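I wanted a record of what I looked up in this model, entry by entry. The structure comes before the notes.

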Amino acid sequence: MDLERKNFWKRVITKRGMGQVITVTFGLIILCAVFGVINPIFFSQKNVGNLLRQIAPILIIGIGQSYVLITGNIDLSIGSVVGMSCMLSATLMTKGTNPWTAVFITVVCCLLIGFVNGVLVAKFKLPPFIATLGTMTMARGIAQIVNNNYNTDSIGDAARGFRNFFYYGSTLGLYNAVWIAFVIWFIFNFILGKTRTGRHIYAVGSNIDAAKLSGVNIFSTTTKAYLVSSFCSCIVGLIICATSGMGTMDAGNSYEMYAVAASVIGGVSTLGGRGILLGTVIGASIWGVLQNGLQFAGAPVAIRNIVIGIIVIVSVLLDIVVRNDKLIRRKGLMASAKQKGAENA
Amino acid sequence: MSEYVVEAKHVCKSFRGIKALDDVYFNLKSGEVMALLGENGAGKSTLVKILSGVYTRDAGEIYYYGKQVGHIDPQVAQELGVAIIHQELNLCPHLTVAENIFLGRELTSSGLLSDKEMNRQTAELLEKMDLDLRPDTIVGDLSVSKQQMVEIAKAISTNARILIMDEPTSALTSKEIDFLFATINKLRNEGCGIIYISHRLEELKHIADRVTIMRDGKYILTSEFSDISMDEIIANMVGREIKEKFPRIELNRGKKIFEVKNLNAGRMVRDINLELYEGEIVGIAGLVGSGRTETTRAIFGADPKESGEIILDGKKVTINNPRDAINAGIVLVPEDRKKDGLCTRLSISENISLPNLDFLCDKLGILSSKKEERLVNKAVEELQIKLADVQADAASLSGGNQQKIVVAKWLARNSRVVMFDEPTRGIDVAVKVEIYNIMNDLKRQGIGVLFVSSELPEILGISDRIIVMCDGRITAELDRNEATQDIILKYATMFENKIQSTKEA
């Protein structure tokens, strides 16, 4: 029993990218402590609730981007799909479509973008940066065209249930948006860690040739990752629509980069094959805490952007430095031990 | 004044607490070829990396030309005239031959690159080396052996006096090896000191003047090559005597398992017909680029086929992708383990289970970690893979053990036909024998074994039947009793006589 438990922990720690997750978790705790000291309201029940609701969308798109990054690709279309989802659902609802029908249509359309990404990258071997740059521009165009280049009017009373479900309502003391993020994380974390599809996603990102020769279907695996990404973007678009009660054409602007940031801070490698979704949770949380905490501290948006940019670089740098430092310290110890040995001799 | 151009004493080096080099001694004279021998993980590569400044030593003294040198980094090594030709090629594939040779020390006039001058000097150098290459060819378009020659040319162009070659022949054909040896001999006669690392012991008699043997990070001995027998060398490398270099088991040929009819796939696979029977190992011999790898890949469905039938146990099977082949029971252990065999950033356990997820997962595709653990432990035990932890990255293993992982992942499932492509490239004698034993086990179990190899002794030593390929065609099928190196080479170079046919036409 004891041995089994030991093995379990060993496995947890040696798990891919766990090292950085531990490092940044400490960072997150320190950040929270600092903001808590600066402003005690930071830890008030109301603010924590708000904070979690701020983190939720970043976490959701982060999960999508993490999937794609682990396959060794990138999805630049995330932000535009968020916008497209927001505009499409809002337009349908203002035209009198049943909100849930509208949600269904929106999800299907967004998944179509993910499918196109998968086809372009895995079937036609386009560089993922170029392929998703194309679909990014297209999806933004779709967001603009659906309501003739205007933001929509209010989606109205008929959509009250929709708005409560995605944002305003709360269950067991937590906002629904937070629940949605949690459920999405739970499902996709399970798929990534415990299923065949998940294992294939890591294999494709680690060595695409070896994966192919091991019988992994590269096309379907890559496409699945892009579908997850566009599904997550779609949900965030719906959350934004529910939040503001209308469709805005520039919703989700540059979210794809926020998603990269959340993933990378959490230890997902942009080279593929490495990273876990727990890391993405921490990455998204650091993002949210910084936004929220700096806002409380009265820092203007410009300063927030600069700080977050620095954090992205530092968090990855920290991981590299910590790893090198360990090596250097070992080397130092080794050398001094050798010297002592030589002196004794 | 010392007679040695390089002398190393008491050199130690550890990685993460594991001693890679322990009190190692080494020397090299000018105008000689010193063969540095040892199994995988014996510390040969670590030693030459220390000599060339890639790694810093933990302790020990190093003398160049009789003078003690303290800190060595790659720049210092270059100034000392040390050049290393790595196992993996270090060229920029998108640049030309001349650009690669002058990389980092480009010639300029008034701040602009003088391409003309660099190309001219490169052409001179290539001519001096008798290389049939143009300075403005893109390196990525060259064959591996030509790239290696470019690498050697690059080393020579820096006026290197001490040349280190780490497994230079592992990717070369026998003709190219002859050429390499001629180049090495020429350099030796010009007074270069050459450190030569190789696993192919049979090569040594052509070039080695002296040998240094290492084992488990320790220095074992240095000897004149003429004073030591091959058996002594092997015994000192392995630490024990290897009785049979090519263990063979005799079995009666059983029923036909597998048949390929009229397989065509591009220029390198033309009208291939072959059969496999129970209780035999079939070797495919040929030069590099003769279409052997392409044939196995086409059978396996990794590359598209144009036409042809594959018949397994009397039934025709359709194979459009590797998954089809795996499901039918045909598997391929690929040639290049780093490129095609392993996901180096995944754990050992994940690598072994990757092709076997179909029976490790339930209907919903959820992975059973218990089944996975059982499968991995069984594989590790059966193949005697030496490792600390199955959760460690596959990259952390030595070459021989990595190769065993690549083999293990395919043996974990019940297959009917196992194809090996160069299964023993770059691994040491002891592991080679283990791989042969695995092949023999499969043969005993009645599984069809097809293996591709460029090493003729291995082909002759292990196979029951030999298929020779040349230029995408099968040129001969030989029984092992009638096959010799000469006969195989004759068929391996039976190119279609294109010149004559154009004359007639």
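**Entry 1**

I began in chain B with one residue pair: B:L263 has B:I272 of β14(B) as its bridge partner. The two strands involved are β13(B), residues 256-264, and β14(B), which run antiparallel and are joined by five bridges. I note here that the model is predicted.

**Entry 1: the six-stranded sheet**

Which strands of chain B does α9 lie across in the other sheet? I read off β15 (281-286), β18, β19 (417-421), β20 (448-452) and β21 for helix α9 (residues 292-300), which runs at about 145° to β18(B).

I listed the strand order next. This open sheet of six strands reads β18-β19-β20-β15-β21-β22 in chain B, and its pairing is mixed. The twist averages 20° from one strand to the next.

At one end of the order I checked the β21/β22 pair. Strand β21(B), residues 465-470, runs antiparallel to β22(B) and is joined to it by six bridges. Within this pair, B:C470 has B:R473 as its bridge partner in β22(B). Helix α16(B), residues 429-444, also packs on the sheet; it touches β15, β19 and β20 of chain B, and its direction makes about 150° with that of β20(B).

Most residues other than glycine have a negative phi, so I noted two exceptions.

I found B:E422 in the loop between β19 and α16 of chain B. Its phi is near 45°, a positive value in a residue other than glycine. Is B:E422 buried or exposed? B:E422 has a relative accessible area of 5% and is therefore buried, the cut-off being under 20%.

I found A:N148 in the loop between α6 (128-145) and α7 (160-168) of chain A. A:N148 is not a glycine, yet its phi is positive at about 50°. Its relative accessibility is 61%, so A:N148 counts as exposed, the cut-off being over 50%.

**Entry 2: helix α8 of chain A**

I took the end-to-end span of α8(A), residues 176-194. Its 19 residues reach 26 Å from first C-alpha to last, close to the 27 Å expected at 1.5 Å a residue. I then listed buried residues in α8(A), among them A:V178, A:A181, A:I184, A:W185, A:F188 and A:L192. An α-helix has 3.6 residues a turn, so residues three or four places apart point the same way.

**Entry 3: chain B as a whole**

I counted 19 helices and 22 strands in chain B. Buried residues make up 53% of the chain B total. Of the contacts in chain B with a separation of 6 or more, 67% are between residues 24 or more positions apart. I recorded an accessible surface of about 22300 Å² for chain B, with 48% of it belonging to carbon and sulfur atoms.

How values were computed:
Residues numbered from 1 in each chain as written. Chains lettered and ligands numbered in written order. Predicted model: local features only at pLDDT ≥ 70, side-chain atom pairs only at ≥ 80, totals over all residues. Heavy atoms only, no water. Pairing = 2+ DSSP bridges. Helix = DSSP H or I, 4+ residues; strand = E, 2+ residues; numbered from the N terminus. Axes fitted to C-alpha atoms, helices over the stretch in contact; angles between N-to-C directions. Contact = heavy atoms within 4.5 Å. Buried < 20%, exposed > 50% of the residue type's maximum accessible area, 1.4 Å probe, protein only. Areas by Shrake-Rupley, 256 points an atom, 1.4 Å probe, with all protein chains shown as cover. Expected span 1.5 Å × (residues − 1).
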